[in-house]
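Subject: Structure handover

Hello,

Here is the structure for you to open. My notes on it follow below.

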Amino acid sequence: MNTSTHLAEFGTQLPRDDALIQDAIPANELNREGEAALYESLRTMWHPVAASADLAESPLRVLLLDEPLVVVRLNGQICAFPDLCLHRGTALSLGWVEDGQLRCPYHGWTYGSDGMCTGIPAHHGTKIPKRACLRALRVTEALGLIWVCLDDQPLFDVPSYPEFHDPNFHVLRMPVYDWNCSAARRVENFVDLAHIPWVHDGIIGRRDEPEVPEHEVWREGAELRMAAAVKEPASVKTGASFTASVTWRLIMPFTVVWNQELPDQRHFGGFIAASPLGRKLTRTFTLRHLNYEVEETKLLELEQVIAEADRVIAESQRPEELPVDLTAELHIRGADRISIEYRKWLIEIYKKYGGLAIAR
Ligand code: FES
Ligand code: FE
(Lines give C-alpha, C1' and ligand atoms only; values in the text may rest on other atoms or scores of the structure.)
(Ligands and ions follow the chains in the order given, each with its own letter.)
Protein backbone atom coordinates (compact mmCIF):
# COMPACT_ATOMS: atom_id res chain seq x y z
CA MET A 1 0.00 0.00 0.00
CA ASN A 2 1.46 3.39 -0.87
CA THR A 3 1.46 6.47 1.31
CA SER A 4 -1.35 8.25 -0.52
CA THR A 5 -3.63 5.25 -0.02
CA HIS A 6 -2.84 5.31 3.67
CA LEU A 7 -3.69 9.00 3.86
CA ALA A 8 -6.95 8.54 1.99
CA GLU A 9 -7.99 6.16 4.75
CA PHE A 10 -7.30 8.80 7.37
CA GLY A 11 -9.35 11.46 5.59
CA THR A 12 -8.08 14.98 5.16
CA GLN A 13 -10.16 17.47 7.11
CA LEU A 14 -11.28 17.92 10.67
CA PRO A 15 -14.30 19.90 11.76
CA ARG A 16 -13.03 23.37 12.66
CA ASP A 17 -15.61 23.98 15.37
CA ASP A 18 -14.07 23.77 18.86
CA ALA A 19 -17.41 22.78 20.32
CA LEU A 20 -17.24 19.47 18.48
CA ILE A 21 -13.91 18.42 19.87
CA GLN A 22 -14.60 17.48 23.43
CA ASP A 23 -17.90 15.81 22.60
CA ALA A 24 -16.07 13.56 20.17
CA ILE A 25 -13.61 12.12 22.68
CA PRO A 26 -13.95 8.35 22.55
CA ALA A 27 -13.73 6.34 25.76
CA ASN A 28 -11.24 3.62 26.63
CA GLU A 29 -9.85 3.22 23.14
CA LEU A 30 -6.76 1.38 24.20
CA ASN A 31 -5.96 -1.20 26.77
CA ARG A 32 -2.43 -2.24 27.68
CA GLU A 33 -2.20 -4.49 24.62
CA GLY A 34 -3.33 -1.61 22.46
CA GLU A 35 -0.63 0.68 23.86
CA ALA A 36 1.93 -1.97 22.96
CA ALA A 37 0.52 -2.25 19.43
CA LEU A 38 0.70 1.51 18.99
CA TYR A 39 4.37 1.41 19.94
CA GLU A 40 4.84 -1.51 17.56
CA SER A 41 3.19 0.44 14.74
CA LEU A 42 6.00 3.01 14.96
CA ARG A 43 8.11 0.39 13.19
CA THR A 44 6.16 1.25 10.03
CA MET A 45 7.34 4.88 10.07
CA TRP A 46 10.52 6.79 9.27
CA HIS A 47 12.52 8.08 12.23
CA PRO A 48 15.80 10.03 12.31
CA VAL A 49 18.63 8.10 13.94
CA ALA A 50 21.67 10.38 13.49
CA ALA A 51 22.95 13.49 11.76
CA SER A 52 24.57 12.66 8.41
CA ALA A 53 27.61 14.62 9.56
CA ASP A 54 28.07 12.23 12.48
CA LEU A 55 28.58 9.26 10.19
CA ALA A 56 32.23 9.25 9.15
CA GLU A 57 34.29 6.29 7.92
CA SER A 58 33.52 4.07 10.88
CA PRO A 59 30.21 2.30 11.41
CA LEU A 60 27.90 4.08 13.84
CA ARG A 61 25.76 2.43 16.51
CA VAL A 62 22.30 3.96 16.98
CA LEU A 63 19.16 2.97 18.84
CA LEU A 64 15.64 2.95 17.43
CA LEU A 65 12.54 1.55 19.13
CA ASP A 66 14.73 -0.34 21.59
CA GLU A 67 16.64 -1.98 18.72
CA PRO A 68 20.41 -1.36 18.40
CA LEU A 69 21.28 -0.71 14.77
CA VAL A 70 24.49 -0.14 12.84
CA VAL A 71 24.58 2.57 10.20
CA VAL A 72 27.45 2.56 7.75
CA ARG A 73 28.46 3.78 4.28
CA LEU A 74 29.52 0.93 1.98
CA ASN A 75 30.80 1.94 -1.46
CA GLY A 76 29.14 5.32 -0.96
CA GLN A 77 25.75 3.79 -0.16
CA ILE A 78 24.15 4.39 3.21
CA CYS A 79 23.18 1.10 4.87
CA ALA A 80 21.46 0.14 8.13
CA PHE A 81 21.38 -3.30 9.74
CA PRO A 82 20.60 -4.73 13.16
CA ASP A 83 23.79 -4.27 15.14
CA LEU A 84 24.36 -7.99 15.45
CA CYS A 85 26.74 -10.26 13.62
CA LEU A 86 25.02 -13.44 12.48
CA HIS A 87 27.90 -15.58 13.70
CA ARG A 88 28.09 -14.90 17.45
CA GLY A 89 26.01 -11.80 17.96
CA THR A 90 28.89 -9.33 18.21
CA ALA A 91 28.02 -5.66 17.68
CA LEU A 92 29.00 -4.93 14.09
CA SER A 93 29.39 -1.27 15.03
CA LEU A 94 32.63 -2.33 16.75
CA GLY A 95 33.93 -3.37 13.35
CA TRP A 96 35.21 -1.37 10.42
CA VAL A 97 34.81 -0.80 6.69
CA GLU A 98 37.23 -2.57 4.40
CA ASP A 99 37.00 -2.60 0.60
CA GLY A 100 33.37 -1.50 0.73
CA GLN A 101 32.43 -4.29 3.15
CA LEU A 102 31.53 -4.15 6.82
CA ARG A 103 33.93 -6.37 8.76
CA CYS A 104 33.01 -7.92 12.11
CA PRO A 105 35.82 -7.46 14.64
CA TYR A 106 35.40 -10.90 16.30
CA HIS A 107 36.14 -13.48 13.56
CA GLY A 108 36.35 -11.20 10.56
CA TRP A 109 33.17 -12.05 8.66
CA THR A 110 32.37 -9.40 6.05
CA TYR A 111 29.01 -8.12 4.82
CA GLY A 112 28.05 -6.21 1.66
CA SER A 113 25.58 -3.34 1.25
CA ASP A 114 22.70 -5.78 0.67
CA GLY A 115 23.53 -7.49 3.98
CA MET A 116 24.87 -10.66 2.36
CA CYS A 117 27.86 -12.20 4.05
CA THR A 118 30.73 -11.97 1.58
CA GLY A 119 33.52 -13.62 3.49
CA ILE A 120 34.14 -16.05 6.34
CA PRO A 121 37.91 -16.11 6.87
CA ALA A 122 37.86 -19.34 8.94
CA HIS A 123 35.60 -21.19 6.50
CA HIS A 124 38.29 -22.81 4.37
CA GLY A 125 36.72 -21.75 1.10
CA THR A 126 33.42 -23.66 1.29
CA LYS A 127 30.19 -21.96 0.24
CA ILE A 128 28.77 -19.17 2.39
CA PRO A 129 25.33 -20.24 3.63
CA LYS A 130 22.40 -18.30 2.12
CA ARG A 131 21.09 -17.63 5.60
CA ALA A 132 24.20 -15.59 6.32
CA CYS A 133 22.42 -12.37 5.33
CA LEU A 134 21.77 -9.40 7.58
CA ARG A 135 18.35 -7.77 7.46
CA ALA A 136 18.98 -4.68 5.32
CA LEU A 137 16.73 -1.95 6.72
CA ARG A 138 15.14 0.89 4.80
CA VAL A 139 17.41 3.90 5.24
CA THR A 140 17.66 7.28 3.56
CA GLU A 141 19.21 10.72 4.08
CA ALA A 142 17.22 13.94 4.11
CA LEU A 143 17.58 17.34 5.82
CA GLY A 144 21.08 16.41 6.95
CA LEU A 145 19.70 13.46 8.91
CA ILE A 146 19.76 9.69 8.49
CA TRP A 147 16.27 8.20 8.60
CA VAL A 148 15.41 4.53 9.19
CA CYS A 149 12.14 2.63 8.90
CA LEU A 150 12.14 -0.80 10.51
CA ASP A 151 9.38 -2.01 8.18
CA ASP A 152 9.43 -2.46 4.39
CA GLN A 153 6.33 -0.33 3.84
CA PRO A 154 6.57 3.07 5.54
CA LEU A 155 3.19 4.47 6.46
CA PHE A 156 4.19 8.10 5.81
CA ASP A 157 6.88 9.83 3.75
CA VAL A 158 10.01 11.30 5.30
CA PRO A 159 8.94 14.78 6.52
CA SER A 160 9.34 17.71 4.18
CA TYR A 161 10.97 20.96 5.31
CA PRO A 162 11.11 23.31 2.29
CA GLU A 163 12.73 26.12 4.27
CA PHE A 164 15.81 23.90 4.67
CA HIS A 165 16.42 24.19 0.92
CA ASP A 166 15.37 27.83 0.56
CA PRO A 167 18.40 30.09 -0.09
CA ASN A 168 16.59 32.98 1.60
CA PHE A 169 17.05 31.24 4.93
CA HIS A 170 20.04 30.66 7.08
CA VAL A 171 19.67 27.19 8.66
CA LEU A 172 21.10 26.56 12.13
CA ARG A 173 21.66 23.08 13.49
CA MET A 174 21.05 22.92 17.23
CA PRO A 175 22.53 20.35 19.62
CA VAL A 176 20.80 16.99 19.91
CA TYR A 177 19.30 16.14 23.32
CA ASP A 178 17.65 13.13 24.97
CA TRP A 179 14.66 13.21 27.30
CA ASN A 180 13.32 10.43 29.50
CA CYS A 181 9.82 10.47 28.08
CA SER A 182 8.00 9.10 25.06
CA ALA A 183 8.37 10.77 21.66
CA ALA A 184 4.65 11.58 21.65
CA ARG A 185 4.94 13.41 24.99
CA ARG A 186 7.88 15.38 23.61
CA VAL A 187 5.98 16.37 20.47
CA GLU A 188 2.81 17.21 22.36
CA ASN A 189 4.88 19.49 24.60
CA PHE A 190 6.19 21.35 21.55
CA VAL A 191 2.76 22.19 20.16
CA ASP A 192 1.09 22.84 23.51
CA LEU A 193 0.09 26.51 23.56
CA ALA A 194 -1.19 26.72 27.14
CA HIS A 195 2.14 25.83 28.75
CA ILE A 196 4.10 28.68 27.18
CA PRO A 197 3.22 31.47 29.69
CA TRP A 198 3.86 29.12 32.64
CA VAL A 199 6.96 27.19 31.67
CA HIS A 200 8.56 29.98 29.61
CA ASP A 201 7.46 33.05 31.60
CA GLY A 202 9.26 36.14 30.39
CA ILE A 203 11.00 34.21 27.63
CA ILE A 204 8.40 33.35 25.01
CA GLY A 205 5.27 34.01 27.10
CA ARG A 206 4.00 35.82 30.19
CA ARG A 207 2.15 34.43 33.19
CA ASP A 208 0.00 37.53 33.46
CA GLU A 209 -1.29 36.78 29.95
CA PRO A 210 -2.10 33.07 30.19
CA GLU A 211 -5.00 32.87 27.73
CA VAL A 212 -4.48 30.62 24.74
CA PRO A 213 -5.02 32.64 21.55
CA GLU A 214 -7.75 31.74 19.09
CA HIS A 215 -6.38 29.08 16.81
CA GLU A 216 -7.37 26.56 14.22
CA VAL A 217 -6.36 22.91 13.92
CA TRP A 218 -6.88 20.85 10.82
CA ARG A 219 -5.50 17.86 8.92
CA GLU A 220 -3.67 18.18 5.66
CA GLY A 221 -2.21 15.02 4.15
CA ALA A 222 -0.03 13.43 6.80
CA GLU A 223 -0.01 16.60 8.89
CA LEU A 224 -1.92 18.18 11.69
CA ARG A 225 -1.77 21.92 11.17
CA MET A 226 -2.33 24.79 13.53
CA ALA A 227 -2.34 28.55 13.05
CA ALA A 228 -2.51 31.31 15.64
CA ALA A 229 -1.45 34.87 16.37
CA VAL A 230 0.95 34.58 19.32
CA LYS A 231 2.25 37.38 21.50
CA GLU A 232 5.90 37.06 22.43
CA PRO A 233 8.10 39.11 24.78
CA ALA A 234 11.27 40.83 23.64
CA SER A 235 14.27 38.50 23.24
CA VAL A 236 17.42 38.00 21.20
CA LYS A 237 15.17 36.39 18.61
CA THR A 238 12.41 38.97 18.42
CA GLY A 239 14.11 42.23 19.36
CA ALA A 240 10.89 43.81 20.70
CA SER A 241 7.64 42.36 22.05
CA PHE A 242 4.91 41.90 19.43
CA THR A 243 2.16 39.58 18.23
CA ALA A 244 3.13 37.45 15.27
CA SER A 245 1.25 34.94 13.18
CA VAL A 246 2.60 31.43 13.65
CA THR A 247 1.86 28.22 11.76
CA TRP A 248 2.72 24.72 12.87
CA ARG A 249 2.90 21.52 10.83
CA LEU A 250 2.84 18.45 13.06
CA ILE A 251 4.03 15.86 10.56
CA MET A 252 2.97 12.43 11.73
CA PRO A 253 4.15 10.95 13.87
CA PHE A 254 6.92 13.01 15.57
CA THR A 255 8.10 15.98 13.48
CA VAL A 256 7.08 19.62 13.82
CA VAL A 257 7.89 22.43 11.41
CA TRP A 258 6.85 25.91 12.48
CA ASN A 259 7.06 29.37 11.01
CA GLN A 260 6.73 32.77 12.63
CA GLU A 261 6.25 36.06 10.79
CA LEU A 262 8.05 38.86 12.62
CA PRO A 263 7.80 42.60 11.88
CA ASP A 264 10.08 44.10 9.22
CA GLN A 265 9.83 41.08 6.91
CA ARG A 266 11.75 39.00 9.38
CA HIS A 267 10.93 35.35 9.41
CA PHE A 268 11.88 32.80 12.03
CA GLY A 269 11.03 29.12 12.24
CA GLY A 270 12.28 25.67 12.89
CA PHE A 271 12.08 21.95 12.75
CA ILE A 272 12.17 19.32 15.45
CA ALA A 273 12.08 15.59 14.88
CA ALA A 274 11.67 13.37 17.92
CA SER A 275 13.14 9.92 17.56
CA PRO A 276 11.78 7.12 19.78
CA LEU A 277 14.94 5.43 21.04
CA GLY A 278 12.67 3.48 23.35
CA ARG A 279 9.23 3.69 24.92
CA LYS A 280 10.44 6.25 27.44
CA LEU A 281 13.55 7.67 25.84
CA THR A 282 13.45 10.26 23.08
CA ARG A 283 16.15 12.00 21.09
CA THR A 284 15.29 15.38 19.54
CA PHE A 285 16.96 16.69 16.38
CA THR A 286 16.53 20.44 15.97
CA LEU A 287 17.01 22.93 13.14
CA ARG A 288 16.17 26.61 12.96
CA HIS A 289 15.77 28.84 9.90
CA LEU A 290 15.72 32.62 9.74
CA ASN A 291 16.25 35.38 7.19
CA TYR A 292 17.93 37.93 9.44
CA GLU A 293 21.03 38.19 11.58
CA VAL A 294 21.03 37.16 15.25
CA GLU A 295 23.76 36.50 17.73
CA GLU A 296 23.89 32.74 17.31
CA THR A 297 25.47 32.03 20.68
CA LYS A 298 22.74 33.99 22.44
CA LEU A 299 20.04 32.31 20.38
CA LEU A 300 21.48 28.92 21.27
CA GLU A 301 21.49 29.87 24.96
CA LEU A 302 17.85 30.95 24.69
CA GLU A 303 16.88 27.69 22.98
CA GLN A 304 18.67 25.69 25.65
CA VAL A 305 16.88 27.51 28.48
CA ILE A 306 13.54 26.83 26.76
CA ALA A 307 14.32 23.15 26.12
CA GLU A 308 15.60 22.56 29.63
CA ALA A 309 12.43 24.01 31.17
CA ASP A 310 10.35 21.74 28.92
CA ARG A 311 12.50 18.70 29.74
CA VAL A 312 11.84 18.97 33.47
CA ILE A 313 8.09 19.06 32.85
CA ALA A 314 8.01 16.31 30.21
CA GLU A 315 10.14 13.94 32.27
CA SER A 316 7.84 14.44 35.26
CA GLN A 317 4.71 13.40 33.38
CA ARG A 318 3.13 10.06 34.21
CA PRO A 319 2.59 7.80 32.52
CA GLU A 320 5.75 8.50 30.52
CA GLU A 321 3.95 7.39 27.39
CA LEU A 322 1.19 9.56 26.00
CA PRO A 323 -2.12 8.08 27.11
CA VAL A 324 -3.95 7.64 23.84
CA ASP A 325 -6.97 6.70 25.89
CA LEU A 326 -8.47 10.17 25.77
CA THR A 327 -10.44 9.68 28.94
CA ALA A 328 -7.27 9.17 30.97
CA GLU A 329 -6.47 12.89 31.32
CA LEU A 330 -8.57 16.02 31.48
CA HIS A 331 -8.74 18.14 28.36
CA ILE A 332 -9.76 21.76 28.12
CA ARG A 333 -12.02 22.63 25.23
CA GLY A 334 -10.20 24.84 22.76
CA ALA A 335 -6.90 25.17 24.63
CA ASP A 336 -5.97 21.50 24.31
CA ARG A 337 -7.36 21.08 20.84
CA ILE A 338 -4.21 20.06 19.03
CA SER A 339 -3.24 17.45 21.61
CA ILE A 340 -6.73 15.95 21.45
CA GLU A 341 -6.53 15.76 17.66
CA TYR A 342 -3.03 14.35 17.84
CA ARG A 343 -4.08 11.60 20.20
CA LYS A 344 -7.14 10.83 18.09
CA TRP A 345 -4.90 10.37 15.08
CA LEU A 346 -2.60 8.08 17.05
CA ILE A 347 -5.67 6.02 17.97
CA GLU A 348 -6.59 5.78 14.27
CA ILE A 349 -3.07 4.65 13.44
CA TYR A 350 -3.18 2.02 16.11
CA LYS A 351 -6.56 0.74 15.00
CA LYS A 352 -5.64 0.53 11.31
CA TYR A 353 -1.99 -0.42 11.49
CA GLY A 354 -1.17 -1.52 15.03
CA GLY A 355 -1.08 -5.17 14.06
CA LEU A 356 0.76 -4.75 10.77
CA ALA A 357 4.31 -4.59 12.01
CA ILE A 358 3.64 -7.44 14.41
CA ALA A 359 2.15 -9.62 11.68
CA ARG A 360 5.00 -9.07 9.24
FE1 FES B 1 31.12 -11.79 13.97
FE2 FES B 1 32.16 -14.12 14.65
S3 FES B 1 30.85 -12.86 15.79
S4 FES B 1 32.49 -12.96 12.86
FE1 FE C 1 7.90 24.65 25.80
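The chain has eight helices and 17 strands. Both are DSSP runs numbered from the N terminus: helices are H or I with at least four residues, strands are E with at least two.

A word on the source. This is a predicted model, in which local features need pLDDT of at least 70, side-chain atom pairs count only at pLDDT 80 or more, and totals for chains, interfaces and linings use all residues. Residues are numbered from 1 along each chain as its sequence is written, while chains are lettered from A and ligands numbered from 1 in the order in which they are written.

**The chain overall**

Of the 360 residues, 36% are buried (20 or more other C-beta atoms within 10 Å of a residue's own, with C-beta atoms placed from the backbone). Take the contacts between residues at least 6 apart in sequence: 60% of them join residues at least 24 apart. A contact here means C-beta atoms, placed from the backbone, that lie within 7 Å.

**A helix pair**

Look at α4 (residues 183-191) and α6 (residues 296-316). They pack at an angle of about 130°, and their axes are 10 Å apart. Axes are lines fitted to C-alpha atoms, for helices over the stretch in contact, and angles run from 0 to 180 degrees between N-to-C directions. From α4, the contact uses R185, R186 and N189. From α6, it uses D310, I313 and A314. Two of these contact residues are nonpolar, one is polar and three are charged. The classes: Ala, Val, Leu, Ile, Met, Phe, Trp, Tyr, Cys and Pro are nonpolar, Asp, Glu, Lys and Arg are charged, and the others, Gly among them, are polar.

One open sheet has three strands in the order β2-β3-β4, paired antiparallel. Pairing requires at least two DSSP bridges between two strands. β2 (60-64) and β4 (77-82) are the edge strands, each with a single partner, so one side of each has no neighbour in the sheet. Neighbouring strands are turned by 35° against each other on average, direction ignored. Five bridges join β2 to β3 (residues 67-74). R61 has V70 of β3 as its bridge partner.

Another open sheet has four strands, β5-β6-β7-β8, also with antiparallel pairing. Its edges are β5 (96-98) and β8 (117-119). Two bridges link β6 (residues 101-103) and β7 (residues 110-111). L102 stands opposite Y111 in β7.

Best wishes

Methods
Two residues are in contact if their C-beta atoms, placed from the backbone, lie within 7 Å. A residue is buried if 20 or more other C-beta atoms lie within 10 Å of its own, exposed if 12 or fewer, and partly exposed in between; C-beta atoms are placed from the backbone.
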